[in-house]
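Good morning, and thank you for the time.

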Amino acid sequence: MDTHVAEKQYIQVEGLSKTFKLKHPIIDILMKKPRKLLKAVDDVSFTIEKGETLGLVGESGCGKSTLARTIVRLYEPDQGKIFFDGLDIAALEGKALREERKKFQMIFQDPYSSLNPRMSVRDMLTEVMLFHRICTRSEVDHHIAELLRTVGMSEATAERFPGEFSGGQRQRLGIARALALNPSFIIADEPVSALDVSIQAQVINLLADIQEALNLTLLFISHDLRVVRHVTHRVAVMYLGKIVEMAETEALFKEAAHPYTKVLIKAAPVLDPRNRTREYAIEGEPPSPINLPAGCRFNPRCSYAKDICRREEPRLEEVKPGRLAACHFPLIA
Amino acid sequence: MDTLDITALPPAALNRKKKISIWKKSPSLNAGVVMVGLVLIFAGLPGLIAAFSPTSQDADHILEAPSLAHPFGTDNFGRDVFARVVHGTRIDLTIGLLATLVPFITGSLIGLIAGYYGKWVDSVLMRILDIFMAFPFIVLVIAIVAILGPGLNNLYIAIWLVGWKDYARLVRSEVMVAKNAEYVQAAKILGFGDLRILLRHILPNVLSVSIVFAAADVVMCMLSGASLSFLGLGVQPPTPEWGAIISEGRAYLSQAWWICAFPGLALVFAGTGFSLLGDGLSDLLRTKGR
């Protein structure tokens, strides 16, 4: 896969950065200390083809959710471009942005806070469809019935309120809301991590089925590697605001190029009672994104770190055709 | 069989059970509803309950102790205190409700804006609020009425100017929580404008605390109205208002305790009713919240 051919790419993120300014305590102002900055997303670039599912994995706090929220313009990007079918949505404002919003939607992590508790399912979906003029008022009921059927729920549930549903059902409703606008790109931000394991599979399979049926492009964010392996075509691994490795899913799980990816895969629980050894377990917490270490961001926790890793930050480069890694000493060459 | 299988019950029965249990669990709601209901009847149909007119004087029956004909006695003009208290209900209730309603609306809107937009908008509004918070409620109301001049309309204006601060603070803190909820983020991603998000998505979810507070606030406003009328700054005689009646009866307290005691008791009764109602409402809204 050639990631440099721009025209063919449906989603193309280029050098996206998002920095949060932290509160500036009065003592610091008086002592003329600069305001502390949190680099949540730092110069991230990637592409997704139409109909493809890209997985985004990493520890909590590595900037996955911030990246997602920046792409959907919930946060204003500081730098970078977000090409969506050739159009830079990072530069859009007002009406043009609202019009374009129909095409990209998001599924949220927490099904208990992602639905307005005071709105019935019908009210929620009706508002979305009428606001964007997806259909006329007389067609709304028909569309709602169809949407609910798509996500595996009966039409009778339309009159109920979110509080009357289980977590899995609520997540289905969240998917229905995202689908109401007929989007072509969906970001799923940890869509199943708040659900019971028994429900996770149902929701994941539903997402996969819908993606296939509607030819959706999906950015699937998760920290659960088993889920990512199951649903994605390619995976991007994120560490402290940067993508450190990107590869096709199976290739990545077979053989990691970046030491961080390796420990991440090793650290994932395996359902095999005979396998009790844990060769690698990642040690320590990730460094604070406010005081990033010099050189490679992973060097304090990396068992392969050499001098150059503490001085120079590695760039995300192709280590093998179709495989990108940001490491001075990639594990595969 | 000594255990009841809940799953075997039809949903309607479960629903009914839930309703009954809320009703049973909250005796304060029951008592509040009954007491406020009585107050409403008194306010709505004073002529049916009191035999005498609240203002007609009777020189033959001055300062009479409570009797069958005059259950609350008569005052220094021979007016029936029972009739005056019953007719005063409407005035006191109107003061309580009107003086609550306007700050409830303005305060909630200010809190909504401050909490949602944050930053300098929040800072400016909250500093203004701090100024109002710095003075005790009744002192500020008295000061404003003293400047504007006594009278019912100025009393309203004074309470409206001061009363919004509590609602603003309550709603603001709720909005600050709600605006980070994922359903609000979802609404933003859907492209909804600020006004729609504020009114349709945030407001219905942050108002319950305000509503509970408002029920208790009716009492405060009734008391403030009565206090100011007692001081001669609110309702003017001979209009039958509880605070004004107490004020008039004060001079005869040693001879005719009933002139002051019964309107006072009426205040206690109405106040307790609204307090219990607010208490019960908070139980009800809490159980229904999730």
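I begin with a pair of strands in chain A: β9(A) and strand β10 (residues 242–248) pair in the antiparallel sense over six bridges. Strands count as paired here if DSSP finds at least two bridges between them. Helices and strands themselves are DSSP runs numbered from the N terminus, helices being H or I of at least four residues and strands E of at least two.

Before going further, the provenance: this is a predicted model, in which local features need pLDDT of at least 70 and side-chain atom pairs count only at pLDDT 80 or more, while totals for chains, interfaces and linings use all residues. Residues are numbered from 1 along each chain as its sequence is written, and chains are lettered from A and ligands numbered from 1 in the order in which they are written.

To return to the pair, β9(A) and β10(A) form a hairpin with two residues between them, and A:Leu240 in the turn has a positive phi of about 50 degrees. The bridge partner of A:Tyr239 is A:Lys242 in β10(A).

Is strand β9 of chain A enclosed or open? Six of the six residues of β9 (residues 234–239) are buried, so the strand is largely enclosed by the rest of the structure. Buried means that 20 or more other C-beta atoms, placed from the backbone, lie within 10 Å of the residue's own; exposed means 12 or fewer, and partly exposed is in between. In a regular strand the side chains alternate between the two faces of the sheet. In β9(A) both faces are covered, with A:Arg234, A:Ala236 and A:Met238 buried on one side and A:Val235, A:Val237 and A:Tyr239 buried on the other.

β9(A) also has a parallel partner, strand β3 (residues 53–57) of chain A, joined to it over four bridges. There, A:Val57 stands opposite A:Val237.

A further buried strand is β7 (residues 185–189) of chain A, where five of the five residues are buried. β7(A) runs parallel to β6(A), with four bridges between them, and parallel to strand β8 (residues 217–221) of chain A, with five bridges.

Strand β1 (residues 11–21) of chain A and β2(A) are antiparallel over eight bridges, and A:Leu16 stands opposite A:Val44 in β2(A).

Now to chain A as a whole. The secondary structure comes to eleven helices and twelve strands. The radius of gyration, taken over C-alpha atoms, is 21 Å, close to the 20 Å that the globule rule (2.2 Å times the number of residues to the power 0.38) gives for 333 residues, so chain A is as compact as a globular protein of that length. Along its principal axes the C-alpha trace spans about 70 × 60 × 45 Å, and 40% of the 333 residues count as buried.

Chain B supplies a helix pair. Helix α4 (residues 81–117) and helix α9 (residues 194–230) of chain B have axes that come within 7 Å and cross at roughly 145 degrees. Axes are lines fitted to C-alpha atoms, for helices over the stretch in contact, and angles run from 0 to 180 degrees between N-to-C directions. Residues are in contact if their C-beta atoms, placed from the backbone, lie within 7 Å. The residues of this contact divide into 15 nonpolar, five polar and two charged. The nonpolar class is Ala, Val, Leu, Ile, Met, Phe, Trp, Tyr, Cys and Pro; the charged class is Asp, Glu, Lys and Arg; the others, Gly among them, are polar.

Finally, how many residues does each chain give to the contact between them? Chain A gives 18 residues and chain B gives 14 residues. On the side of chain A, the elements giving two or more residues are α3 (94–101), β6 (104–107) and α4 (121–131). By class, that side has eight nonpolar, five polar and five charged residues.

Technical notes. Contact = placed C-beta atoms within 7 Å.
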